[in-house]
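Open the model in your viewer and keep the selection tool at hand. The stops below run from the whole assembly down to single residues.

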Number of protein chains: 2
Amino acid sequence: MNAEPVKDLSRLCLHTITTKPWNIEEAARNYSKAGVKGITVWRDTLEGRDIIKTGGLLRESGLHVVSLCRGGFFANTEKAKRDLAITDNRRAVEEAFKLGTDKIVLVCGADPRQSLEDSRKQIYDGICEVLPDAKAAGVKLAVEPLHPMFADTRSAVNTIKQANDLVEAIDSEYVGVAVDVYHLWWDPDLEEEIYRCGKNRNLLAFHICDWKSPTVDMLNDRGLMGEGCINLRKIRSWVEKAGFNGFIEVEIFSNLWWKQDQNEFLERIVRAYKEHA
Amino acid sequence: MNAEPVKDLSRLCLHTITTKPWNIEEAARNYSKAGVKGITVWRDTLEGRDIIKTGGLLRESGLHVVSLCRGGFFANTEKAKRDLAITDNRRAVEEAFKLGTDKIVLVCGADPRQSLEDSRKQIYDGICEVLPDAKAAGVKLAVEPLHPMFADTRSAVNTIKQANDLVEAIDSEYVGVAVDVYHLWWDPDLEEEIYRCGKNRNLLAFHICDWKSPTVDMLNDRGLMGEGCINLRKIRSWVEKAGFNGFIEVEIFSNLWWKQDQNEFLERIVRAYKEHA
């Protein structure tokens, strides 16, 4: 059974990167005006800002700050680069704390110069190293498994099963999983692994968009909900059956949509959310 | 333990699409001259040819005709299109028979207008329908699981586990699996599922190339062996441990390499085969 259509916008969250041409102040103003209730902040939008004040501005705009995007990139053959990643993840935790969000999305990293197993070991170690900081700040780390087409350089965690294995091995209430339909829709184990994730209270986030046919760019050709082949309502029904009732986050990287008028795009997003999410 | 380097070219097979600018006669002449021992023929190269004579020409050139590429595309929401696919697959079986090869590679198909489960059901049905023809012609059908980035339109069979499940369900010595490193290298279950495949005598083919970082085109930016991050010798060691000792087939779709002088490319292939395969 597919999920029922969403009743209203109370669970709608947008990733700032979805409307990349806007700065954070424009995003806050326009999201708010459109009735969006949550925002996931990409770190580049905070550059040159007072983060505490920016968090305040978002809340004053009626937006819940759902998460900070993104930490991770723990895997590297070079020790010095891995150390830099740890430093950067600690900084992300601090930014999340200042911004007033309790969650960071992790794109875990991969390095084509080494095996996926080595990358995964480094990811495990990296998360464990950052974990005390995350706990202290009350910030949860959400491991986002990435599509296998990103296994070379972006993440050696490519299925939700691998993400579940990883977070269960770490076994902390501060580490969980972010489910993004774009990365996971094809996986024959998806339903079962979503339930496993929920059962262990590890399901921290739910990201949506769509997979277009054809997809002409591996990174920046994601579709608006309804433009592609992902059965969003079915996957949402699994996520909700697994106990998740948090924000539904729209995360679309799209060279095409970024070229359009962003206010019109935002209208389309709200409509597509109601019709397809 | 990785596999030992190949000793010679006795197991080297090229897919005609790897040197796409060449017609089949040029491919035969040049492969033969370079010491290549096997050829997998893409069907487009047979257009306008007498297939029986072409098969003869290949054998006279000292080439073993390893397989015909490709059948499949069984999945479609439209019954009429599925029927056309069956007809086309029967034609492929006839072509394979005339060409004198005992194997057809299947790209099973997918349709973004329907669920992956529906596509998989149609794939199962399609293979079962073509199977009597394949048996009669002594031609085996090799299901090639395709990378999840092709799950929308090319194949709803995206892991070797799914391919194993499918061929075991069909349970015929005329249906097996083609392992292509490009599609499967990222899969955490790859080693185990290769052994399962071998144990059931279903491992029919082994295709190699490499995954480049960055990959700029989803379809036609495959790398020459050694250009990317795939541990070819490790995967070959698994395939051989699983009992496979057939041809090692070089299948590279590459806009970049197709633009180069194909004789130089062929030299590079032979060298890369010795150094990295």
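This is a predicted model: local features need pLDDT of at least 70, side-chain atom pairs count only at pLDDT 80 or more; totals for chains, interfaces and linings use all residues.

Residues are numbered from 1 along each chain as its sequence is written, while chains are lettered from A and ligands numbered from 1 in the order in which they are written.

**The interface.** Select the contact between the chains: 20 residues come from chain A and 20 residues from chain B. Contact means C-beta atoms, placed from the backbone, within 7 Å. The copies meet through the same surface, because 100% of the interface residues of chain A are also interface residues in chain B.

Now select residues 116–137 of chain A, helix α4. Helices (H or I, at least four residues) and strands (E, at least two) are DSSP runs, numbered from the N terminus. Where does α4(A) bend? Go to A:L131, where the bend is about 40°; a proline, A:P132, follows within four residues. The bend is the angle between axes fitted to the seven residues ending there and the seven starting there.

Colour the buried residues of α4(A), among them A:I123, A:I127 and A:V130. A residue is buried if 20 or more other C-beta atoms lie within 10 Å of its own, exposed if 12 or fewer, and partly exposed in between; these C-beta atoms are placed from the backbone. The cover over the buried residues includes α3 (79–99) and β5 (140–143) of chain A.

Most residues other than glycine have a negative phi, and most peptide bonds are trans. Pick A:F73, in the loop between β3 (64–72) and α3 of chain A. Its phi is positive, about 50°, although A:F73 is not a glycine. Is A:F73 buried or exposed? A:F73 is buried, with 23 other C-beta atoms within 10 Å.

Jump to A:D171, in the loop between α5 and β6 of chain A. A:D171 is not a glycine, yet has a positive phi of about 55°. A:D171 is exposed, with 9 other C-beta atoms within 10 Å.

Finish at the peptide bond between A:S213 and A:P214, which is cis, with omega about 0°.

Technical notes:
The expected span of a helix is 1.5 Å times one less than its number of residues. Two residues are in contact if their C-beta atoms, placed from the backbone, lie within 7 Å.
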